Amino acid sequence: MKRSLYFWAGAILFLLATLVMTQVIGNEYPFFAAYVILQFIVLAVAWSILGGYAGYVNFGTSAFFGIGVYTAVFLVKVAGAPLGVQILAAAAVGAFLGFALGLLTLRMQGIFFSIATIALTIIIETTVTNWRFVGGAAGIQLQRPPVTAPFHSYVQMLFFVQALLVVLAIAVSRYIQNSWIGHGLQALRDDELAAECTGVPTLRLKLLACVISGALMSAAGAPAAMYLQYADPSSAFNLNYSVTVLAMSLIGGTAYWAGPVVGAILLGTTQQLLTVTISSEVNVLVLGVMLVVFVVGAPEGIIGLIRKFTSRGEGKR
Amino acid sequence: MIGVLLGCFYAAVSLGLSLSFGLLDVPHVAHPAFLVMAAYGVSYLNERFGIDPLVAGLLITPLLFVFGLVAYRIYYETFERRGSDAGVRGIAFFFGIAFIIEVLLILQFGVDQRSVTASYIGQALRIGDMRIPYRLVVAFAVAVGLTILLTLYLSRTFMGRAIRAVAQDQEALRLMGANPVRIKQWAFGIATAVLGVSGALLVIVAPVDPTLDRSYIGRTFCVVVMAGLGSMSGTLIAAIILGVAENIVLTLFGASWAPAISFAMLLGILAIRPQGLFGRRS
């Protein structure tokens with residue numbers, strides 16, 4: 001219970017800090033960069049609910065993200081819906097998609113599941129590309145509505161909204177890790193057959209994880225439409241999102257909710273710096289190299305390394 | 001007709017994967033990236049020295065073989081030997097490799113499309129009203145040849161039989177005093193070496209760009225899974241089915257739907273009949 005208290009105190013402090021930042025810092029650029037990092041934290045944390053706890057490598061992050069973006073685009077075009085509605089609707093659509101994906105693919109294991117999620121991504125992307133109403137292959141321009149108080153600019157508001165989503169995602173992930181859902185997922189990750197035999201409802205748990213993870217990912221994608229003021233299928237559904245998120249989670253370590261957060265902050269910041277100082281190609285190269293190095297050298301991620309060192313220290317004493 | 005030829009071409013680019021993923025169970029997501037890399041090698045040799053693309057493909061085959069040996073060794077040392085959890089991290093590993101290759105190609109050659117020149121590219125064979133591009137005929141011939149060659153290799157030679165034995169029962173092989181890892185490494189080397197000619201075909205049939213591997217993830221895996229893991233002749237038939245299907249959808253609905261076909265078929269097969277059409281039981 002004490003840990004919970006610390007956690008929520010930290011979350012509230014974090015939100016207050018972001019709020020203060022939006023009031024104090026006048027320059028827009030820091031928010032532009034920080035928004036992307038926050039977005040990746042949400043994605044990585046959401047990915048880990050299925051990918052980390054249950055060990056099902058989902059390459060469909062781009063599908064959920066893109067669906068979030070396009071749900072927002074659709075709502076803006078049809079009804080000029082406000083940001084909150086966009087995010088909620090995106091989460092609902094993401095949850096539904098997660099459910100459908102789960103029903104279709106969760107009986108498969110290992111690489112078959114991963115390949116199936118890539119397949120789904122491309123199929124959805126192609127469908128959106130052929131859907132004229134939301135711009136088709138050429139993409140679509142969007143107009144931001146006027147910003148509401150107390151924020152000075154729309155980017156700052158998006159930044160704060162994404163910070164809220166970060167807290168929500170982490171809270172959900174943390175809750176799952178410590179509840180029977182998380183224990184069940186970990187059991188089926190270690191040995192699915194054994195888990196099934198001892199009465200863990202594996203399929204239902206996986207479905208649940210897939211739905212929650214999908215809803216969070218789509219919710220994280222929804223504000224991106226307004227952030228870029230533009231959306232097109234090939235960038236909204238870009239496989240880079242999937243691989244980036246995968247890399248962040250694995251680098252951080254997937255067994256604890258803090259892993260993806262650490263990974264996303266570390267890799268997200270590096271990427272922002274690299275994109276600005278060198279080029280976006282080098283950025284992707286670094287991403288690939290880091291992914292391979294960590295997968296080969298530190299399979300438990302940074303969190304795993306830290307645990308290893310601290311427990312070794314205890315052993316000596 | 002074009003669909004059948006196209007299918008043979010898909011078979012040629014999928015055979016390597018049929019060996020590495022189908023028989024060896026390596027989650028080789030980087031296969032299409034290796035393929036595109038080979039195609040770039042061919043196009044480089046062609047441009048620089050004017051070597052015929054197919055000959056260039058043969059020239060880089062030994063290099064690719066060694067590359068395959070090394071790649072499998074790394075994969076084995078880091079994942080298979082540690083055992084647990086190899087699946088999840090193995091996929092991530094190969095995806096990382098694919099990304100690195102993609103970016104290195106972009107940094108080295110830029111994002112523009114590359115193609116090759118040879119006397120038979122651009123010409124077409126006319127039978128009545130039909131025009132059949134020679135490049136597809138070449139692809140067809142090579143694909144059939146390659147399939148026959150690999151089938152013979154796997155059924156007639158000692159090493160080929162050993163590879164199939166490894167796919168069936170590793171432990172039994174170990175008890176017979178053979179080293180399964182050696183054999184698998186050898187097989188992976190061959191699977192990669194085949195890509196020399198496959199890459200040549202890839203760049204003969206159409207220009208390549210560094211991110212082409214993404215659409216070929218769908219095609220190659222669709223073919224291999226449909227074939228039923230590891231069956232060479234099944235690979236050829238499955239690839240022809242895919243080629244014909246793509247061609248039909250292309251003429252009925254237009255090119256913008258093309259990328260989704262292979263993935264949709266793949267998803268359908270995985271959902272309905274995961275052991276493939278001509279599958280061995282896993």
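**Close-up views of a predicted two-chain model**

**View 1. The buried residues of helix H7 in chain A.** In helix H7 (residues 180–190) of chain A, the buried residues are Gly182(A), Gly184(A), Leu185(A) and Leu188(A). Viewed along the axis of H7(A), these buried residues lie within an arc of 160°, so they line one face of the helix. Trp180(A) and Asp190(A), on the other side of H7(A), are exposed. The model shown here and in the following views is predicted.

**View 2. The largest nonpolar core.** This core has 212 residues. Val42(A), Phe9(B), Ala12(B), Ala139(B), Leu201(B) and Leu266(B) are the residues with the most contacts inside the core. In soluble globular proteins, nonpolar side chains tend to be buried together.

**View 3. The surroundings of Phe9(B).** Which residues does Phe9(B) contact, leaving aside its neighbours within four places in sequence? They are Leu136(B), Ala139(B), Ala143(B), Leu201(B) and Val205(B). Ala139(B) and Leu201(B) are, like Phe9(B), among the residues with the most contacts inside the largest nonpolar core.

**View 4. The side of chain B that touches chain A.** Contacts between the chains involve 31 residues of chain B and 34 residues of chain A. On chain B, helix H4 (86–109), helix H10 (213–227) and helix H12 (258–272) each supply at least two residues of this side. H4(B) gives the most, with 14 residues. By class, the side of chain B that touches chain A comprises 24 nonpolar, 5 polar and 2 charged residues.

**View 5. The fold of chain B.** Chain B has 12 helices and 2 strands, and along the sequence these follow the pattern α-α-α-α-β-β-α-α-α-α-α-α-α-α. The radius of gyration of chain B is 18 Å, close to the 19 Å that the globule rule gives for 282 residues, so chain B is as compact as a globular protein of that length. Its C-alpha trace spans about 60 × 40 × 35 Å along the principal axes. Of the 282 residues of chain B, 54% count as buried. Among contacts in chain B with a separation of 6 or more, 77% join residues 24 or more positions apart.

Notes:
Residues numbered from 1 in each chain as written. Chains lettered and ligands numbered in written order. Predicted model: local features only at pLDDT ≥ 70, side-chain atom pairs only at ≥ 80, totals over all residues. Contact = placed C-beta atoms within 7 Å. Helix = DSSP H or I, 4+ residues; strand = E, 2+ residues; numbered from the N terminus. Nonpolar A, V, L, I, M, F, W, Y, C, P; charged D, E, K, R; others polar. Buried ≥ 20, exposed ≤ 12 C-beta atoms within 10 Å, placed from the backbone. Arc of directions from axis to C-beta. Core = buried A, V, L, I, M, F, W, Y, C linked by C-beta atoms within 7 Å. Rg over C-alpha atoms; globule rule 2.2 N^0.38 Å.
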